[in-house]
Amino acid sequence: MNRLGWAIGAAAATVLVCAGGPFAVGFPQRSAFLARQEPQACGLIARSSPFGEVTSCIDLGRRTPPLSGDGHVFLLLETGTGPTVVRVDYSGTDDRTFRATAVEVPTWEAPGISHDTGERIKTGIDGRGGLKTEPWAVHPVPN
């Protein structure tokens, strides 16, 4: 095989890997699943919040890492113990059998937090004694 043949083969392999790679790791299915679940994330958190009553929930966005089995939804909560930002981590892509856990995250990790809101959240975190770094189950909710 000459140089031109090797170059064409390498180019074809590159296109195949770049185009087929995301499908091979299930990215489109995970992204579609997360898009379906995102609108329901506030309801999941409201049922299982360790911060007291959730009086307001704002969806800050979602992330689907290309090589991970997980997807994340970020929520800004106003609760009985002050404001907080929560990341809901999803695993699985079946709408009935998926698992979701939540963890409080620092303001720099969440998308779209203004400086003023960040300062209110930091005050809430300090009032609660620090970040709640231990994840808790939000779906299925343990009895």
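This is a predicted model: local features need pLDDT of at least 70, side-chain atom pairs count only at pLDDT 80 or more; totals for chains, interfaces and linings use all residues.

A: The bridge partner of Val86 in β4 is Glu104. Residues are numbered from 1 along each chain as its sequence is written, and side-chain values use heavy atoms, with hydrogens and water left out.

Strands here are DSSP runs of E with at least two residues, and helices are runs of H or I with at least four, both numbered from the N terminus. Two strands pair if DSSP finds at least two bridges between them. By that rule, β3 (residues 82–91) pairs with β2 (residues 70–79) over 10 bridges in the antiparallel sense. β3 and β4 also run antiparallel, joined by 6 bridges. With 2 residues between them, β2 and β3 form a hairpin. Most of β3 is covered, 9 of its 10 residues being buried; buried means under 20% relative accessible area, exposed over 50%, and partly exposed in between, with a 1.4 Å probe and protein chains only. In a regular strand, side chains alternate between the two faces of the sheet.

The loop between β2 and β3 contains Thr81. Thr81 counts as partly exposed because its relative accessibility is 39%. Leaving out residues up to four places away in sequence, Thr81 touches Phe51, Gly124 and Arg128, where contact means heavy atoms within 4.5 Å. The C-alpha atoms of Thr81 and Gly127 lie 7.8 Å apart, although the two residues are 46 residues apart in sequence.

The whole sheet is open and has 5 strands in the order β1-β2-β3-β4-β5, paired antiparallel. β1 and β5 stand at the edges with a single partner strand each, so one side of each has no neighbour in the sheet. On average, neighbouring strands are turned by 30° against each other, direction ignored; axes are lines fitted to C-alpha atoms, for helices over the stretch in contact, and angles between N-to-C directions run from 0 to 180 degrees.

Two helices pack here. α3 lies across β1, β2, β3, β4 (99–104) and β5, and runs at about 130° to β5. Helix α4 (residues 115–128) touches β2, β3 and β4, and its direction makes about 90° with that of β3.

Cys42 is joined to Cys57, with an S to S distance of 1.9 Å. The link of Cys42 and Cys57 is left-handed, at -75° about the S-S bond. Cys42 is in helix α3 (residues 41–48) and Cys57 in strand β1 (residues 54–63), so the pair ties together parts 15 residues apart in sequence. Cys57 counts as partly exposed, at 24% relative accessibility.

The structure holds 2 aromatic pairs. Rings of Phe, Tyr and Trp (its six-membered ring) pair if their centres lie within 6.5 Å; planes under 30 degrees apart count as stacked, over 60 as edge-to-face and the rest as tilted. Phe51 and Trp136 form an edge-to-face pair, because their planes stand at 80°, with ring centres 5.7 Å apart. This pair links distant parts of the chain, 85 residues apart: Phe51 is in the loop between α3 and β1, and Trp136 is in strand β5. Phe51 is buried, with a relative accessible area of 4%, and Trp136 is buried at 11%. The pair of Tyr90 and Phe98 is tilted, with 40° between the planes and 5.7 Å centre to centre. Tyr90 and Phe98 are both buried.

Apart from neighbours within four places in sequence, His139 is in contact with Leu44, Arg96, Phe98, Arg99 and Ala100. His139 counts as buried, at 18% relative accessibility.

Methods. A disulfide is a pair of cysteine sulfur atoms within 2.5 Å.
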